[in-house]
Amino acid sequence: MPEPGRALPQPTPETKHFWDGTQAGELRLQRCDECSHTYFPPRPFCPKCASRKVSVLKASGRAILDTYVIHHRKVPGFEPPYAIAVVKLAEGPRMMTNIVECPQTPEALQLDMPLEVVFEKQNDAITLPLFRPAKG
Amino acid sequence: MPHNTVAVVGAAETTKLGVIPDVSQIQLHADAALNAMADCGLKPKDIDGVATAGETPVQIAHYLGITPSWVDGTSVGGCSFMIHVRHAAAAIEAGLAKTILVTHGESGRSGVGRGPRPVPASSLNGQFEQPFGPMGPPSLFPIPVLRYMKTYGVTHEQIAMVSVVQREWAAKNPRATFRDPITVEDVLGSRMIAYPFRLLQCCLVTDGGGALILTSADRAKDFPTKPVYILGTGESVETPLVSQMESFTSSRAFSVAGPTAFREAGITHKDVDHLMIYDAFAHLPLYGLEDLGFVPRGEAGRFIAERNTAIGGKLPLNTNGGGLSYMHSGMYGMYALQESVRQMRGTAPAQIAGAKISVCHGVGGMFAASGTIIFSNQKP
């Protein structure tokens, strides 16, 4: 039997656009049409002013490393030690992710380092947004 | 509204603390409740309000044979019990109940009579955090720490002193799980769990419980125990996702709950003789000291490293040894409350001589929730 992989999300009607986006190679955020607040995680109204008039936008995929831990215990789908990171997107919101194409060490993982999104397909339904050190 | 008209008259922990493989979770609630009732000479028929978390108030009322006219099942993690005390004080003042029992019991280590608690894949946590490899609080709670350290220039050695100082307090508590002294080198040499935190910066995982009984201050004088009055209370919640905190250097929930309690109590920081700050992990006392306004932003690491919270220091903190050394069943808030009550009764193993006001501050989830209670042994 193959080892179990990492926990995967189960999209809901309110988050489907986000997970459709990652499959299409897009990082999708939402922005309020009334107060211009850009927010995450997804919901069909603005968490700042409660307006239901919101739009989906394609984020730039640029971010900085805000904070992280390097986890040393075994978790299905991961080879410890690995970083569990929070990135701050250029558009403002934060999201949890993993940092790839980078040693998982405090020396390599410097806070505020620039990052860019990459998409890692897990199966036919789910693609996850991960981040790597920005190139150029 | 200032809650100086309500008092704790019964308080007790479970008969045993630590590893209790022969008692189920609901019986830990009951053992603590029976001890608290014995403490103040009450029977189940005398209780008309029940608040609990972990189990439901239905389970606890039925199991103990109580017919309540008021219940509270607020379950927002380890500070639920602070919030229960707040709600209970308001309920007693409003006349909704006369005598309220708050119970906690948790088979956190042995897992007896306790089911698994999976994160649903469709929840916000399941969609936007779990896929990136967290495994419970030790991987999630320390997420903000590196940002806090960089912002204020706080060192690993300063944070290690939280564990060192609390172990010194634990050494004075016969019921503490870990009592042998440790050094900064021991902390920074212990097994890495989730960088920057190592084993000795993470709480214990043990079994136990505790219970409180509250009634009006007017009735409190008729009980055999020394009344411990509720001076002020506060509560708040922020987010179930640690990644979505407004700030990684401060807890919004702490910043609401703590100051609310101080305003209700009408006291200032220099009035505080004793302080409990829920320490599931070593950074929580730092955030608590700053968010409650005991020290300026960024100063808590130095404040603790300079032994201000240690034995003989000006602000005794976590005098039972805390979740890092005393015990931690999962929802530790009840044990912090018990220590505040002991200090106000004058019965704590590491008693602060002459202490009149104790602040007890709790966290729930990973900075998800907070509750603060300010106690006094002085008649209002």
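**Close-up views of a two-chain predicted model**

**View 1. A sheet in chain A.** Strand S1 (residues 28-32) of chain A runs antiparallel to S3(A), and 5 bridges join the pair. Here, two strands pair if DSSP finds at least two bridges between them, and strands (E, at least two residues) and helices (H or I, at least four) are DSSP runs, numbered from the N terminus. One spot to look for is Arg28(A), whose bridge partner in S3(A) is Lys58(A). The open sheet has 3 strands in the order S2-S1-S3 (chain A), with antiparallel pairing. At its edges are strand S2 (38-39) and strand S3 (54-58) of chain A, each pairing on one side only.

A note before the next views: this is a predicted model, in which local features need pLDDT of at least 70 and side-chain atom pairs count only at pLDDT 80 or more, while totals for chains, interfaces and linings use all residues. Residues are numbered from 1 along each chain as its sequence is written, and chains are lettered from A and ligands numbered from 1 in the order in which they are written.

**View 2. Where chain A meets chain B.** The contact takes 30 residues from chain A and 27 residues from chain B; residues are in contact if their C-beta atoms, placed from the backbone, lie within 7 Å. On the chain A side, strand S4 (62-71), strand S5 (82-89) and strand S6 (94-97) each supply at least two residues. S4(A) gives the most, with 6 residues. This side of chain A divides into 18 nonpolar, 8 polar and 4 charged residues. Ala, Val, Leu, Ile, Met, Phe, Trp, Tyr, Cys and Pro count as nonpolar, Asp, Glu, Lys and Arg as charged, and the others, Gly among them, as polar.

View 3. S4(A) and strand S5 (residues 192-195) of chain B pair in the antiparallel sense, with 2 bridges. Look for Ile70(A), which has Tyr195(B) of S5(B) as its bridge partner.

**View 4. Two helices of chain B.** Helix H1 (residues 25-40) and helix H2 (residues 57-64) of chain B have axes that come within 10 Å and cross at roughly 60°. Axes are lines fitted to C-alpha atoms, for helices over the stretch in contact, and angles run from 0 to 180 degrees between N-to-C directions. Ile26(B), His29(B), Ala30(B) and Ala33(B) of H1(B) make the contact with Gln59(B), Ile60(B), Tyr63(B) and Leu64(B) of H2(B). By class, this contact has 6 nonpolar, 2 polar and no charged residues.

Methods
Contact = placed C-beta atoms within 7 Å.
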